[in-house]
Amino acid sequence: QLLPATFRALESQLGVSATMLGTFAMGQALFCAAAGPVWGALADRGSSRKTLIACGAVGWGTATILLGLAYHWWVILLLRCLNGLALASLSPICQSIVGDITEKQERGVTFGVIQAMMF
């Protein structure tokens, strides 16, 4: 979500084109879209959701920190894809936890609060 806000700075600091910056964003989005159902299936099939969400959060944080240190376009692209892979774990696992711990009549409000905090 932050990448478009930093396009101009990245263009000047790293010397990458707007096309390459768009490729970074698309790489993350594609990996996130592809990995979300996989994370959800792992959670639904009995893997520890606590472990899955911890792995996703640690992976996302690590990829984000490493992105701040990256100077080569291919490293940035790889890390953005890994970032999307890890980020994809958080939403489906969080939703399955909310479904388990809330009463049916409370779920809509709970999901709304969670979504509001994400943006």
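In which helix is Ser96 found? Ser96 is found in helix 5.

This is a predicted model, in which local features need pLDDT of at least 70 and side-chain atom pairs count only at pLDDT 80 or more, while totals for chains, interfaces and linings use all residues. Residues are numbered from 1 along each chain as its sequence is written, and side-chain values use heavy atoms, with hydrogens and water left out.

1. Ser96. This residue is buried, with a relative accessible area of 19% (buried means under 20% relative accessible area, with a 1.4 Å probe and protein chains only). A polar atom of the Ser96 side chain lies 2.9 Å from the backbone oxygen of Ile93. Apart from neighbours within four places in sequence, Ser96 is in contact with Ala43 and Arg49 (contact means heavy atoms within 4.5 Å).

2. Helix 3 against helix 5. Helix 3 (residues 49-69) and helix 5 (residues 90-101) pack at an angle of about 150 degrees, their axes 10 Å apart (helices are DSSP runs of H or I, at least four residues, numbered from the N terminus; axes are lines fitted to C-alpha atoms over the stretch in contact, and angles run from 0 to 180 degrees between N-to-C directions). The two helices are therefore roughly antiparallel to each other (angles over 145 degrees count as such). On the helix 3 side the contact is made by Arg49, Leu52, Ile53, Gly56, Ala57 and Trp60, and on the helix 5 side by Leu90, Ile93, Cys94, Ser96, Ile97 and Asp100. These residues divide into eight nonpolar, two polar and two charged (Ala, Val, Leu, Ile, Met, Phe, Trp, Tyr, Cys and Pro count as nonpolar, Asp, Glu, Lys and Arg as charged, and the others, Gly among them, as polar).

3. Helix 5 against helix 6. Helix 6 comprises residues 107-118, and helix 5 packs with helix 6 at an angle of about 155 degrees, with axes 10 Å apart. Helix 5 and helix 6 are therefore roughly antiparallel as well. Ser91, Cys94, Gln95, Val98 and Gly99 of helix 5 meet Arg107, Thr110, Phe111, Ile114 and Met118 of helix 6. By class, this contact has five nonpolar, four polar and one charged residues.

4. Ser89. This residue is placed in the loop between helix 4 (73-87) and helix 5. Ser89 is buried, with a relative accessible area of 0%. The Ser89 side chain reaches the backbone oxygen of Ala86 at 2.7 Å. Leaving aside neighbours within four places in sequence, Ser89 is in contact with Trp39, Leu52 and Gly56.

Definitions and conventions:
Parallel < 35°, antiparallel > 145°, perpendicular 65-115°, else oblique. Buried < 20%, exposed > 50% of the residue type's maximum accessible area, 1.4 Å probe, protein only. Polar contact = N/O pair within 3.5 Å; in protein donor to acceptor, adjacent residues only side chain to side chain.
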